[in-house]
Amino acid sequence: MFTKTDAQIQHADVLNAPIDISKDFYNYENTFYFADHLTDFDPKSGKGTLEYKRYQYQSRQAFNNMLMKPDTVPANEFPATEYEAAPHLPFQIQFVSDRTIRIKMTSGPQFHPQEESLMLVNGKAPNNPDAWTYKKIEGGYQYSNENGKVVIIENPWHVKIYDGKGKLLTSTLHNTDVTNTYTPVLPFSYVRRNSDYSRSMAAVFSLQPDEKIFGCGESFIQFNKRGEKVVLYTDDANGVQNETMYKPIPFYMSSRGYGVFMHHSTPITVDFGKYFSGANEMMIGDDEADLFIFLGEPKDILDEYTDLTGKSVMPPLWSFGFWMSRITYFSEKEGREVAKELRKNKIPSDVIHFDTGWFDVDWRNNYEFASERFNNPKKMLSDLKDEGFEVCLWQLPYFTPKNTLFNEIVDNGLAVKDRKGNIPYEDAVLDFSNPKTVEWYQAKLKHLFDLGVSVFKVDFGEAAPANGIYHSGRTGFYEHNLYPLRYNKAVAEITKKEKGYTLIWARSTWAGSQRYPLHWGGDAATTNTAMSATLRGGLSLGLSGFSFWSHDVGGFVTKSPEDLYRRWTPFGMLSSHVRSHGEPPTEPWLYDKDFLDAFRKADNMRYELMPYIYTQAKESSENGLPMMRALFIEFPNDPGAWLVDNEYLFGASMLVAPLFENETSRAVYLPEGTWIDYQTKKVYQSGWHTIEAGEIPIVVLVKNGTVIPHIKLAQSTKNMDWTQLKLNIYATAETTTAKGKVYLPAGEKLHTVTVEKTGNTFEVESNPLQGKTSFKLEWTK
């Protein structure tokens with residue numbers, strides 16, 4: 001078992017270090033092909049041919065500086081009659097919807113095209129050319145509708161993207177666009193490596209003044225990626241305060257009103273103006289470029305992107321309850337004792353998680369309970385369910401040589417292979433691109449489901465061998481990033497088949513993993529900075545198509561300091577899902593009485609808010625929205641909302657500002673409108689305020705004119721009475737109407753509830769859930 005100080009050093013050439021391919025695009029030994037002009041184009045099919053000019057970097061010494069710039073070079077192939085000096089290669093534009101454009105290009109012939117993509121929800125993208133109107137223009141072609149305009153210029157070749165009002169959002173960069181700077185800027189192009197003759201595309205677009213970039217997965221460093229270089233390569237990040245990611249996603253959105261999905265699984269490095277402030281360089285490991293561009297405000301972009309790659313399925317109600325865990329509970333006795341203490345101390349909870357120690361040997365995953373420490377697992381699981389607890393089990397897809405399943409996996413060809421047919425590591429890594437592996441693996445999980453397990457922790461998945469040979473016929477260069485998606489899918493699908501719901505608890509992802517909720521934030525340190533970085537990661541992942549996300553309350557790595565754990569708890573309780581997990585003690589009764597009381601109050605708040613949480617989850621699931629929202633999702637026209645990364649909207653109506661230091665107040669930015677403190681009922685107008693936290697150590701505000709549904713406190717979601725809800729009305733004295741949404745566990749759709757002011761009270765205008773639930777109103781002036 002590793003020690004606390006062991007971790008992968010970044011930027012070192014070690015096993016599974018992230019692959020940053022950007023260096024290949026600035027290597028003067030390589031040959032570059034710049035997209036130059038269209039040689040033909042059929043506007044009806046959207047297909048044409050682009051000519052590329054050949055370049056290499058040339059060096060020049062000037063006043064004791066060695067300068068480099070690209071310059072044209074002749075062909076270097078022999079015989080000269082057989083190869084193109086200036087290749088003519090395919091270019092295609094497609095229209096997926098009235099807001100989504102697809103650009104496809106290749107750097108060479110494709111003899112093994114992929115018929116279906118695991119990243120796309122239906123395997124293939126729709127094609128709706130009728131959603132756009134074509135018009136021939138001088139020197140090019142134009143497609144338009146009410147949402148935007150695409151202009152293709154023949155020579156010099158450009159694809160220009162405009163919004164519905166005619167504002168230029170972004171454009172491909174041509175070599176002629178960067179002749180007015182001394183900086184050698186890479187235009188839209190591809191590289192041919194001299195080392196192995198492989199090719200990779202660089203899709204280069206313009207960046208505009210004040211443009212901001214968000215997304216790229218669970219990125220913990222800078223929220224706004226403008227000026228950053230982001231490496232999209234799934235990695236065991238060893239924490240939440242460095243630039244590598246458990247959950248990179250090849251998708252981002254711009255503050256100018258567009259988003260981009262890079263439909264690839266190879267390593268990708270995106271330079272968002274770090275090298276040159278006016279250029280967005282998407283350096284894609286693939287020898288093709290397949291880009292989807294979405295137009296609109298953030299909600300439109302997320303809806304379109306998740307229509308394409310899949311929306312998060314609505315998880316079961318009990319998953320929104322509190323998950324109690326540590327690393328690790330080793331026995332049935334410990335699990336039963338935790339259940340007993342949770343109920344004894346009135347800590348509402350729904351899930352108990354057994355981490356790495358439920359096997360005979362800690363960490364040695366063989367899907368069997370240790371017989372000496374678990375006398376009767378089936379009875380334990382049944383008894384815990386009777387007490388209102390679901391059980392989650394840890395597992396991972398790597399098998400050490402001493403694992404009892406190792407030989408079975410290797411002998412049956414279920415593991416990733418190396419070039420010789422052996423395995424690349426000492427561990428056997430399950431090859432989820434092999435249907436036989438998935439069948440074998442799911443049978444192991446089914447056995448545990450049959451015992452009464454409710455959900456699996458889908459841990460690790462970031463170390464698929466980059467040099468491995470996979471059953472798919474592809475190398476790890478193409479399969480490494482897909483591995484988490486295949487892994488998530490395998491567990492989610494057997495869960496759905498056996499349990500009737502889609503639910504996992506996963507750490508690693510790629511584009512499309514949002515279809516298989518849910519995911520948590522990895523191994524955070526027990527520090528204030530780790531807490532704040534955790535929020536940035538959650539906000540970024542939410543801007544990458546994920547509705548549901550959690551994190552280890554209090555941090556993971558060491559015992560959480562009491563003051564940090566106290567402040568982190570309400571942040572966790574106001575996330576889509578909540579789990580306490582990490583080095584012991586994590587159980588609140590193992591801290592002092594004041595802490596236990598504070599933990600209980602925050603937990604009670606969550607359970608009483610369950611109707612709001614469940615309703616917002618449903619709405620988020622249907623629309624591709626995150627439960628934990630950056631402010632600008634709801635307030636795209638508020639410039640200040642684009643600058644804030646230490647607050648969030650929990651659903652549509654509650655603004656949350658955690659306390660990241662041991663203080664009782666903090667500066668809070670409020671978007672346009674009037675806001676009412678959830679705890680103190682004080683009223684604030686938009687702008688910056690220093691706000692005191694309430695009895696629960698967190699700042700929470702509600703938009704004026706909002707109805708927040710509550711439920712009577714219960715110790716488990718299974719014991720909640722949904723036949724009567726309390727509608728808490730957040731409205732100033734001048735407000736005459738308030739609205740909120742309600743979705744019941746057995747409901748078929750979301751309902752809006754409107755209350756109108758009559759005299760000094762509010763009354764329900766009409767109950768759309770008549771016969772299913774009744775409402776009690778509470779308005780605090």
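Trainee: Hi! Which residue stands opposite methionine 654 in E33?

Mentor: Phenylalanine 650 does. Before we go on, this is a predicted model, where local features need pLDDT of at least 70, side-chain atom pairs count only at pLDDT 80 or more, and totals for chains, interfaces and linings use all residues. Residues are numbered from 1 along each chain as its sequence is written, and side-chain values use heavy atoms, with hydrogens and water left out.

Trainee: Thanks! How many bridges join E32 to E33?

Mentor: There are 3 bridges between strand E32 (residues 648-650) and strand E33 (residues 654-658), and the two run antiparallel. Two strands pair if DSSP finds at least two bridges between them. The labels are DSSP runs numbered from the N terminus: helices (H or I) have at least four residues and strands (E) at least two.

Trainee: In what order do the strands of that open sheet come?

Mentor: The order is E31-E32-E33-E36-E34-E35, which makes 6 strands with antiparallel pairing. At the edges are strand E31 (628-629) and strand E35 (683-692), each pairing on one side only.

Trainee: Let's jump to the start of the chain. How do E1 and E2 pair?

Mentor: Strand E1 (residues 31-42) and strand E2 (residues 47-62) are antiparallel, with 9 bridges. For instance, phenylalanine 34 has lysine 53 in E2 as its bridge partner. The two strands form a hairpin with 4 residues between them, and glycine 46 in the turn has a positive phi of about 75°.

Trainee: And which strands does E2 join through 5 bridges and 8 bridges?

Mentor: The 5 bridges go to strand E4 (residues 88-95), and the 8 bridges go to strand E3 (residues 65-72). Both of these pairings are antiparallel. Lysine 47 stands opposite glutamine 92 in E4, while tyrosine 55 faces threonine 72 in E3. The hairpin of E2 and E3 has 2 residues between the strands, and phenylalanine 63 takes a positive phi near 50° there.

Trainee: Helices next! At what angle do H10 and H11 pack?

Mentor: Helix H10 (residues 593-608) and helix H11 (residues 610-623) pack at about 55°, with axes 4 Å apart. So H10 is oblique to H11. Axes are lines fitted to C-alpha atoms, for helices over the stretch in contact, and angles run from 0 to 180 degrees between N-to-C directions. Under 35 degrees counts as roughly parallel, over 145 as roughly antiparallel, 65 to 115 as roughly perpendicular, and the rest as oblique.

Trainee: Which residues meet there?

Mentor: Arg606, Tyr607 and Glu608 of H10 meet Met610, Pro611 and Ile613 of H11; contact means heavy atoms within 4.5 Å.

Trainee: What about H2 and H3, how far apart are their axes?

Mentor: The axes of helix H2 (residues 332-344) and helix H3 (residues 377-386) lie 11 Å apart, at an angle of about 5°. That makes H2 roughly parallel to H3. Glu332, Arg336 and Ala339 of H2 touch Pro377, Lys379, Met380, Asp383 and Leu384 of H3.

Trainee: Last topic: is threonine 526 buried or exposed?

Mentor: Threonine 526 is buried, with a relative accessible area of 11%. Buried means under 20% relative accessible area, exposed over 50%, and partly exposed in between (1.4 Å probe, protein chains only). Threonine 526 sits in the loop between strand E27 (519-520) and helix H8 (528-542).

Trainee: And glutamate 243, where is that?

Mentor: Glutamate 243 is in the loop between strand E14 (229-232) and strand E15 (248-254). At 42% relative accessibility, glutamate 243 is partly exposed.
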